[in-house]
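Trainee: I'd like to learn how to read aromatic contacts and surface features in a new structure. Can you walk me through it?

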Amino acid sequence: MTPMEGRPRTRAVRLGPRSLAALCLVSAVGVAGFGWPLFADPSSQVAAHAQDAPWLFAGLLVLLVAVVTATISESGLGPKAVAMLGVLAATGAALRPIGAGTAGIEPMFFLMVLSGRVLGPGFGFVLGSVTMFSSALLTGGVGPWLPFQMLAMGWFTMGAGLLPGPDRLRGRGELALLAAYGFCAAFAYGTVMNLAGWPFMGALASNVAFDPHADVSANLARFLAYCLATSLGWDLGRAVVTVVLTLALGATLLKALRRATRRAAFETPVTFEPR
């Protein structure tokens, strides 16, 4: 380990109490927005409005994601971090269309894992959300699913920033950790996005569609069948691509991101000398 590697890492964004509170709030609402089909009682008002609930949660989530992004930005997203955010978000948005229409070829996820690892959970949440929003504008993928995608990608990237050993773990051990996280998180992302889209199938006559009148166990069985029938192959492809790219390119990209982070010196304020 070199002396530089032994230093505590510089974070692009340091989360304060307000930012943490905002993250917890949006995450709690997000869990409710994703998971209500499995936990709502058939006799509850939420189940009675099964066709409206996904739209209501989508509208609420887009507002909350905007609030938490603004809160994190206010707490320390300076001009250097904004520049880094713009570059990485633009790169991620450009990578997403590469695999459009091809099962699981989504290199954007590998970039999000490595960026979250180097730049920390606060920056990671903002990066994941902004990248997904930018890529939706680029690909025309704007719809009621977009707020759910933004939140899920924010969680995905933030999770990489919460992995252990950010200051000391390097080399093959770190790549193995990131590859394992990327593999599991790719399936988790696909599963929660299935939860977001599944209630929209409620009007279809299908044994895998959400049934607002069924109990939790019946809907859970339907949901698992829905995942197996519709997205297992895509999620597996995403997970494998993320692992392969992490192991093949991760060392080089991690070194580049860490070098850029050190040179940016995020925690050093920008000053201008008078002429």
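Trainee: Are phenylalanine 156 and tyrosine 181 buried or exposed?

Mentor: Buried means under 20% relative accessible area. In this predicted model, both phenylalanine 156 and tyrosine 181 are buried. Phenylalanine 109 is buried too.

Trainee: How many aromatic pairs does a search of the whole structure find?

Mentor: Rings count as a pair if their centres lie within 6.5 Å, and planes over 60 degrees apart make the pair edge-to-face. Searching the whole structure turns up 7 aromatic pairs. One of them joins phenylalanine 109 and phenylalanine 156 edge-to-face, at 5.1 Å centre to centre with 85° between the planes. Phenylalanine 109 sits in helix 6 and phenylalanine 156 in helix 8, so this pair ties together parts 47 residues apart in sequence.

Trainee: What kind of aromatic pair do phenylalanine 156 and tyrosine 181 form?

Mentor: A tilted one, 6.0 Å centre to centre and 50° between the planes. Here the link runs from phenylalanine 156 in helix 8 to tyrosine 181 in helix 9, 25 residues apart.

Trainee: Now the surface. Which residues form a positive surface patch?

Mentor: Patch residues need over 30% relative accessible area and no salt bridge. Lys255, Arg259, Arg262 and Arg263 form a positive patch here. Take arginine 262, in helix 11: its relative accessible area is 44%, so it's partly exposed.

Terms used. Residues are numbered from 1 along each chain as its sequence is written. This is a predicted model: local features need pLDDT of at least 70, side-chain atom pairs count only at pLDDT 80 or more; totals for chains, interfaces and linings use all residues. Side-chain values use heavy atoms; hydrogens and water are left out. Patches are made of residues with over 30% relative accessible area and no salt bridge: like charges are joined within 9 Å, nonpolar side chains (Val, Leu, Ile, Met, Phe, Trp, Tyr) within 5 Å. Accessible areas come from the Shrake-Rupley method with a 1.4 Å probe; for residues, only the protein chains shown count as cover. A salt bridge is a side-chain nitrogen of Lys or Arg within 4 Å of a carboxyl oxygen of Asp or Glu. Lys and Arg count as positive and Asp and Glu as negative; His and the chain ends are not counted. The place of a charge is taken as NZ of Lys, CZ of Arg, CG of Asp or CD of Glu. Helices (H or I, at least four residues) and strands (E, at least two) are DSSP runs, numbered from the N terminus. Buried means under 20% relative accessible area, exposed over 50%, partly exposed in between (1.4 Å probe, protein chains only). Rings of Phe, Tyr and Trp (its six-membered ring) pair if their centres lie within 6.5 Å; planes under 30 degrees apart count as stacked, over 60 as edge-to-face and the rest as tilted.
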